[in-house]
Amino acid sequence: MEQDAESSARTPVRSVARAVDILLALGNGPRRLAEVSGEAALSKTTAYRILSTLRQKGMVLQDETTGEYRLGPACFHVMSSVVSGHAGFPFDANRDLEELREQTQETVTVHVRAGLSRICIQELPSPQAIRYTAGLGASAGIHVGSAGKVLLAFLEPAEREALLDTLEPRPMTDATITDMGVLRRQLQTVAERGTAFSSGERVAGAVGVSAPVFDGNGVVIAALSVLGPAARIDEARLHEFEKLARNTAERITSRIHPR
């Protein structure tokens, strides 16, 4: 009986799987019924029935003029919970993050981009008495610190340049990078190295190292960071943390697959 239950739990519920496929299709932009059914590999009748249910739940809206479907307010409520930090990291990574904190004995954070800002959506504070934290749900400019540089460096070049053209970098400390030429050069270095460092850019006396987490399509979705006091973390230790953060981020990335 237990084996049967486990087998059933591993078998996708077809109607739920189909609804998710439709939502993922709409995540690429508004779609007509024929486009939705094609991208989700469903008949028009089935797609219409599921879309109607999703509309009733506020997950989908339909434009009365064009007939196109798009994501609804309920989807944005879910997304806002993620970026505010209330939902936590949207992947099964708790064990990885806890292991990284255990290995470093420093604070571990996960940040995502929200427009021109970065937001901390998960934080495991250092067990040590003297420690630095980002603050769950706290935001900072996307140009600030190692997490921000990772989230910028691994964007598509056109998207990154469009974002940088609208950015008005403001300092949080004397070490915050506000010169766009310097920032662009650092982002190039981050893209080549695969990780980013910061020293006192958000909080004086703090150092950090960050690595990117990618989705199944190679799009950067989060920055995984280790943060601590500079007085305790020398250069050798920081490079050790770099390797650990990179390995952890790569493990998480490896478990995220495209549909």
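Arg 232 and Glu 106 form a salt bridge whose closest N and O atoms are 2.7 Å apart; the term stands for a side-chain nitrogen of Lys or Arg within 4 Å of a carboxyl oxygen of Asp or Glu. The pair links distant parts of the chain, 126 residues apart: Arg 232 sits in the loop between strand S8 (220-229) and H10, and Glu 106 in the loop between H6 and strand S3 (107-114). Helices (H or I, at least four residues) and strands (E, at least two) are DSSP runs, numbered from the N terminus. Arg 232 is partly exposed, with a relative accessible area of 30%, whereas Glu 106 is buried at 2%. Buried means under 20% relative accessible area, exposed over 50%, and partly exposed in between (1.4 Å probe, protein chains only).

The model is predicted, so local features need pLDDT of at least 70 and side-chain atom pairs count only at pLDDT 80 or more, while totals for chains, interfaces and linings use all residues. Residues are numbered from 1 along each chain as its sequence is written, and side-chain values use heavy atoms, with hydrogens and water left out.

The next topic is the pair of helices H6 and H10. The axes of helix H6 (residues 94-104) and helix H10 (residues 235-254) come within 10 Å and cross at roughly 170°. That makes H6 roughly antiparallel to H10. Axes here are lines fitted to C-alpha atoms, for helices over the stretch in contact, and angles run from 0 to 180 degrees between N-to-C directions. Angles under 35 degrees count as roughly parallel, over 145 as roughly antiparallel, 65 to 115 as roughly perpendicular and the rest as oblique.

On the H6 side, Asp 96, Leu 97, Glu 99, Leu 100, Gln 103 and Thr 104 take part in the contact. They meet Arg 237, Phe 241, Leu 244, Ala 245, Thr 248, Arg 251 and Ile 252 in H10, where contact means heavy atoms within 4.5 Å.

Asp 96 also forms a salt bridge with Arg 251, the closest N and O atoms being 3.1 Å apart. Asp 96 is buried, with a relative accessible area of 7%; Arg 251 is partly exposed at 31%.

Arg 246 and Glu 242 both lie in H10, 4 residues apart, about one turn of the helix, and their closest N and O atoms are 3.4 Å apart. Arg 246 is partly exposed, with a relative accessible area of 25%, and Glu 242 is buried at 5%. Salt bridges that share partners join Asp 96, Glu 99, Arg 251 and Arg 255 into one network. The whole structure has 12 salt bridges.

The strands remain to be described. Six of them make an open sheet, a sheet of 6 strands in the order S5-S4-S3-S8-S7-S6, with antiparallel pairing. Two strands pair if DSSP finds at least two bridges between them. Strand S5 (139-141) and strand S6 (196-199) are the edge strands, each pairing on one side only. Neighbouring strands are turned by 30° against each other on average, direction ignored. S6 and strand S7 (residues 206-214) run antiparallel and are joined by 4 bridges; Phe 197 has Val 209 in S7 as its bridge partner. Helix H7 (residues 145-153) lies across S3, strand S4 (117-124), S6, S7 and S8, and runs at about 160° to S8.
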